[in-house]
Amino acid sequence: MKWLTLPSKPPSAAIQDESSPSHAIKRSSDGSHRTGTPGAANTLLALIMASRPGLLTEWPWQRLGNFKYVVLAPWALHGLYLLATQERKKWDLAYLLILPSLLLRMVHSQVWISISRFQNARSKHHRIVDKSLEFEQVDRERNWDDQIIFNGLLFYLAFMYIPSGRNLPLWRSDGALLIALLHMGPVEFLYYWFHRALHHHFLYTRYHSHHHASIVTEPITSVIHPFAEHIVYFLLFSIPTLTATLCGTASIISMIGYIAYIDFMNNLGHCNFEIIPKWLFTVFPPLKYLMYTPSFHSLHHTQFRVNYSLFMPFYDYVYGTVDKSSDLLYESALEGKEEQPDVVHLTHLTSFLSIYHLRVGFASLASKPYDPKTPIFSLWPLAWISIIFMWINDSFTVERNSFEKVKMQTWALPRFKFQYGLLSARDAINDLVEKAILEADNKGIKFLTLELLNQAQELNGSGELYLQKYPKLKLRIVDGSSLAAAIVVNSIPPETRKVILTGNQSKVAYRVTIALCQKGVEVTMRQKNDYYMIKSQLPENASSFLLLSNDCNAQVWLVGDGLEDIQQRRAPKGTLFIPFSWFPTKKVRKDCIYYTTPAMKIPKTFENMHSCENWLPRRVMSASRIAGIVHALEGWNSHECGDNMQDLDKMWAAALRHGFLPVN
């Protein structure tokens, strides 16, 4: 069993005393790192971090928020001015390439983020630290691009005040060799001892604990440091580049290449999955001392007083600070493990830009509820590229979670909301859903939940199509309609005696209507066909509570898709709009209350939840997704799709029993 050991001494004392037990994650015999106490170390480190912040902890432009990029505006505009006014032969490429190189660094880091999150969500994984990642870490690491802005400013200033840094040649081999040697010597040596100094209690509590608050590292964790630390790091990394510049041997490729090397190795060391093939060390054994692996540096984040080196472990071996389990952890992580999920949640994309709100997209966007009005228009070109790439793929894994003994994954279909409305696309989409179901069944997954339009009645009869085609399916298909209906019913204020049901109807709406009429709540409908169909299913003592009328005088409206703006404007002031649809209701009225789509808050022990599900708030999950989890926890062995539904009270009680709570 793996667990987290916290220091018996006060945090500062534990850090100060080299011989004291560190706040480290204990390892199992196979060298892997897992804990059963999510967030415990992060809580301790956050307390340490907040106890005594040092000077120059905050970035100078921190208060600017997303407007921080304006600090680069003068140089960016000047570069554009030179491009427009100067003759091509007078261009200084070194100066003009500063801004593009900064943008490429951001793209490079984002690629690493996406790859890391994708790899760590897969069933077959090479994960190093198998521990929960939470919203607190995502928020703390939101400013990962600050150091790129900082470097850009210093590059521009260096260009202005160092004449030998202008009009650099494209390539010089002697300059590249000088930069490599200076990095291997002074930079690695000085960084090693500076890093050890940062672990002294005085500097650790004021600065470096901010970085170590992230035990489960992501690529961008590598640059999450206080401003003061980045000043020192820039001085260190400028030793090779500044020396080459002053010696007149610098070149554009060697300068950009050295920065790219630093970024690559930083991201590699913090990606939390092992990627370096073993044959590299077999072919060239000394490489062990010249290049670290992700697992090597991961030990520094879990054991804290080992593996201090920058990128080359040489000095750890020289000074005896190598963790003895480094090789064992590397081999264990490289071998990988196959993790079998119990529940798969099958969703799809909504709008084009929703790509960036996936967990494998932009971490900062994924950690917030999806808002189609978010101003990210500059990403449209990349969105189209992603669309073309994704068109040729089947479902892909975007997230993994665990709760109690149930393991979950979220798979997404590379299709958008508008495509589900195209008759020409329905067969192709059904094929994708069918492939995902069969793949999950072959893997031995017990439950698969259909989210959003993957369970549309007009697409597959709420999943009934797949049961008819494959009656011997071992997995159980769940659409979450029972829990959705239960959430809607329990969201209505207890004193309510009358509701209006409007919008496109669904089986959730039918079940809600029947439940309310049986409770003596008057339900007013406008659609004749739906009215007569539901009326025929009601007992005599409840049928009188279902009315066909255009009356708008009710304080509670149950709404589905297709609700028009003009209908909302007819509602009385203060009306409560409760959607029974899977997509949110457009908010037309400011004097009314709008509830979210059927969803519930998840328990605090729900692990690895650090992204929002579509438009839902943090740590809130859709009814369909929760339904599959409840089915697995309860051990129910029945499908819930097509016309099959669970008893509402039974479903609601089961969800509450396992710690899921109402949102509203």
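The largest nonpolar core holds 87 residues, and those touching the most other members are Ile477, Leu483, Leu516, Leu558 and Phe660. A nonpolar core is a set of buried Ala, Val, Leu, Ile, Met, Phe, Trp, Tyr and Cys residues joined through side-chain atoms within 4.5 Å; buried means under 20% relative accessible area. Helix α24 (residues 507-518) provides the largest share of this core, eight residues. Another core, of 30 residues, lies apart from it and includes Ala250, Ile252, Cys271 and Ile276.

The model is predicted: local features need pLDDT of at least 70, side-chain atom pairs count only at pLDDT 80 or more, and totals for chains, interfaces and linings use all residues. Residues are numbered from 1 along each chain as its sequence is written, and side-chain values use heavy atoms, with hydrogens and water left out.

Leu483 is in contact (heavy atoms within 4.5 Å) with Met600, Ala623, Ile626, Ala627, Glu640, Met651, Trp652 and Ala655, when residues up to four places away in sequence are not counted. Leu349 sits in the loop between β5 (343-348) and α17 (363-366). The C-alpha atom of Leu349 is 9.4 Å from that of Leu452, although 103 residues separate the two along the chain.

| Residue | Relative accessible area |
|---|---|
| Leu349 | 1% |
| Cys271 | 0% |
| Cys592 | 10% |

No disulfide, a pair of cysteine sulfur atoms within 2.5 Å, is found in the whole structure.

Spaces in the model were located on a 1 Å grid over the protein atoms alone: a cavity is a set of points where a 1.4 Å probe fits but cannot get out, a pocket is an open set with protein on both sides within 12 Å along at least five of seven lines, and lining residues have an atom within 4 Å of a point. There are nine cavities of 30 Å³ or more. The largest cavity contains about 260 Å³ of space. Its lining has 19 residues, with Thr347, Leu358, Cys612, Glu613 and Asn614 nearest the centre. Strand β5 contributes the most to this lining, three residues.

The second largest pocket contains about 1,100 Å³ of space. Among its 49 lining residues, Asn151, Phe155, Phe234, Thr241 and Ile259 are the closest to its centre. Helix α11 (252-269) is one of the elements supplying at least two lining residues, and α11 gives the most, nine.

Definitions and conventions. Points joined across faces, edges and corners; volume = space filled by probe spheres on them. Helix = DSSP H or I, 4+ residues; strand = E, 2+ residues; numbered from the N terminus. Buried < 20%, exposed > 50% of the residue type's maximum accessible area, 1.4 Å probe, protein only.
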